[in-house]
Amino acid sequence: MLQLPRNYSVPVSPELTQLLVDATETHLRVRGKDRVINAVTINFRDPDYSAEAGGYHPVEMRIEITEGKGVLSYITDFCYVGQGWCSELAKELDFDFESGVFYALDLPRQDLANCAEFYALWQDNFLAYNQMGVFDVTVTVDD
């Protein structure tokens, strides 16, 4: 059973932790106990999201795994920047748990711990959107 620690510099909720554990363990069972998994990347995508129509931002989360213990590496929220044919997906928010750094588009990097309230708001919104079923979820496993 995968375990995620609770001692991050921002409050990762039990609901988000369970969502990540469930997605990861499903792939651990499918792959078999004798296969080593080093990391899992979970992508949450709104299939209707586009630069023209808007929608729910794509989100990527990564868990590094060592001996059945996982560590949340990062959460990245993407958005379209630019207009028309030259719009492209870019990192809008990046919660880097490994480095303890927070990045927001057009703002300087800062200590992740200083963004705890903002992170909690983002997390609550993300969990609500996920519960509404707006995302297609894919999991990629790194051996």
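Me: Why is D142 called partly exposed?
Reply: D142 has 28% relative accessibility. Buried means under 20% relative accessible area, exposed means over 50%, and partly exposed is what lies in between (1.4 Å probe, protein chains only).

Me: What should I know about the model itself?
Reply: It's a predicted model, where local features need pLDDT of at least 70, side-chain atom pairs count only at pLDDT 80 or more, and totals for chains, interfaces and linings use all residues. Residues are numbered from 1 along each chain as its sequence is written, and side-chain values use heavy atoms, with hydrogens and water left out.

Me: What makes R62 and D142 a salt bridge?
Reply: The term asks for a side-chain nitrogen of Lys or Arg within 4 Å of a carboxyl oxygen of Asp or Glu. Between the side chains of R62 and D142, the N to O distance is 2.7 Å, so the pair qualifies. R62 sits in strand β2 (residues 59–66) and D142 in strand β7 (residues 136–142), so their contact ties together parts that are 80 residues apart in sequence. Strands here are DSSP runs of E with at least two residues, while helices are runs of H or I with at least four, both numbered from the N terminus.

Me: What makes β1 and β2 a pair?
Reply: Two strands pair if DSSP finds at least two bridges between them. Strand β1 (residues 39–45) is joined to β2 by six bridges, so they pass, and they run antiparallel. N43 stands opposite E60 in β2.

Me: Why is β2 called largely enclosed by the rest of the structure?
Reply: Six of the eight residues of β2 are buried, so that's how the description comes about. Eight bridges also join β2 to strand β3 (residues 69–81), again antiparallel, with I65 opposite G70 in β3.
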